[in-house]
Amino acid sequence: MGTSIVIIGDANAGIITANKLRMHTRKDVEITIIGDSEKTYFKPEGVLIPFKGVDYRDTIKPTDFLINYGIKRIKARAEKIDPENRSVLLNNGNNLSYDYLVIATGNRLVPESIPGYDDSIYHFYDIANVLKLGKMLDDFKGGKIIVGPSSTPFQCPVAPAEFVFGLDLLLRKKGIRNKSDITLIIPMKDVLPFKNVSDMVRKGFEEHGINFIPGFKTESVDTGKNTVTSSGNESLQYDKLILIPPHKGQKLLTDSGMADESGYVKVDKLTLNYKNYGNIFVVGDAADFPMKVGALGHSEAGYVAGRIASESDGFISSSEFDGFMGCSSVYADETAFTLSFDYNSKPFVNFASKSDYFLKYISGDTYFSSIIRGVI
Ligand SMILES: Cc1cc2nc3c(=O)[nH]c(=O)nc-3n(C[C@H](O)[C@H](O)[C@H](O)COP(=O)(O)OP(=O)(O)OC[C@H]3O[C@@H](n4cnc5c(N)ncnc54)[C@H](O)[C@@H]3O)c2cc1C
């Protein structure tokens with residue numbers, strides 16, 4: 001029998017790994033992907049859909065359709081991993097054994113960990129909440145909006161800034177910007193961990209009258225009094241609160257003893273291996289890296305697929321992951337800038353353009369036609 005590869009997680013990094021592996025391995029290599037998602041949603045468009053930048057129906061595809069021919073799919077959830085015995089327990093009671101395991105289970109949103117977080121609070125981190133938020137903004141007549149991530153880590157460090165630039169433009173188009181106040185709260189010291197990029201984004205905030213409060217880690221919300229309070233005991237009043245819930249990795253990983261309470265697995269940054277298990281890889285947001293971005297998961301999937309494919313052909317692979325990622329980020333007035341960097345270089349930006357915005361605008365099409373398919 002050929003090599004058996006099991007991938008847990010049926011969205012971004014998991015499907016890309018499976019599809020790339022299928023292209024690069026012999027027929028007798030068995031590739032199985034585990035997950036029970038009916039649909040796959042392209043989350044980066046959460047910063048465009050509420051402003052009618054794109055139609056949400058174009059950002060969702062049936063998951064079955066995205067998994068290439070020759071890959072076995074098991075519609076179940078993984079409940080426990082036993083690295084010593086190379087097996088995965090599924091919620092249908094079956095045990096699956098593997099030669100190689102790829103973990104791609106992403107994040108879970110835990111709004112319940114913020115006291116007072118309830119349904120009157122909005123966010124744009126899953127499709128149901130994106131649509132609910134879009135409806136609120138349709139009816140919005142002016143007032144004070146506070147936007148921000150409640151804590152770190154959270155997916156896509158630029159997404160909150162992208163969102164407030166889109167919100168500023170929407171309110172101007174609606175003719176109610178002068179009756180509205182936009183404040184971005186950020187738990188980190190600055191907008192992003194890169195000074196050069198943060199400098200440019202903060203300049204955009206100033207030019208567009210967007211208030212920016214760094215170092216605001218949300219401790220609690222009082223939706224009766226419309227206040228949000230930081231761990232430093234600073235309270236802010238709002239009319240509408242758009243608060244990104246805290247993130248954790250999956251409980252499966254904590255329950256399997258592979259992660260602490262955070263749910264994220266520590267991996268070697270050059271091999272993406274868990275501990276000294278050369279046959280277990282973690283790709284995408286499930287790894288304990290601060291940068292939770294699909295573009296990084298995309299590069300990681302390419303690296304891991306290449307390595308497993310060459311090992312399954314009998315070669316010893318000594319290649320190392322270079323940490324590369326590249327993505328376009330929305331800036332003010334329907335412009336954008338594009339960042340790319342790796343472990344040895346920092347992102348640099350000094351302008352935003354309409355053509356970069358176009359790249360962002362079409363990224364859903366590129367994603368579904370090429371990236372998730374494993375073609376690029
Ligand atoms: C608003 C927003 C904007 C963003 N913008 C960008 C951007 O511009 N550029 C960018 O690169 N990234 C962006 N991101 C981040 C990007 O979407 C994520 O980093 C990416 O989706 C993570 O991919 P993943 O495969 O690791 O996890 P996910 O896409 O979350 O997939 C995890 C999968 O694992 C499955 N799963 C979980 N637990 C189990 C289990 N126990 N058993 C089986 N299956 C399981 C889940 O059901 C899911 O299908 C953005 C995110 C958001 C929310």
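This is a predicted model: local features need pLDDT of at least 70, side-chain atom pairs count only at pLDDT 80 or more; totals for chains, interfaces and linings use all residues.

**Around the ligand**

The shell around the ligand takes at least three residues from domain 1 (4-48 + 61-107 + 249-325) and at least three from domain 2 (110-243).

Next I asked myself: how many residues surround the ligand, and which are the closest? I found 36 residues, the closest being Gly 9, Ala 11, Gly 46, Gly 106 and Gly 284.

I then looked for helices in the shell. Both α1 (12-24) and α7 (294-312) contribute at least two residues each.

I also sorted the shell by class, and noted 17 nonpolar, 14 polar and five charged residues.

**The two domains**

Where they meet, I noted eleven residues of domain 1 in contact with twelve residues of domain 2. The domain 1 side of this contact holds six nonpolar, two polar and three charged residues.

**A stop at Asp 199**

My last entry is on a single residue. I located Asp 199 in helix α5, which covers residues 195-207.

Why do I call Asp 199 partly exposed? I do so because 14 other C-beta atoms lie within 10 Å, and the partly exposed class falls between 12 or fewer (exposed) and 20 or more (buried).

I also checked Asp 199 against Asn 350: they are 151 residues apart along the chain, yet 9.5 Å separate their C-alpha atoms.

How values were computed
Residues are numbered from 1 along each chain as its sequence is written. Two residues are in contact if their C-beta atoms, placed from the backbone, lie within 7 Å. Ala, Val, Leu, Ile, Met, Phe, Trp, Tyr, Cys and Pro count as nonpolar, Asp, Glu, Lys and Arg as charged, and the others, Gly among them, as polar. Helices (H or I, at least four residues) and strands (E, at least two) are DSSP runs, numbered from the N terminus. A residue is near a molecule or strand if its C-beta atom, placed from the backbone, lies within 6 Å of it. Domain bounds come from an automatic or database domain assignment.
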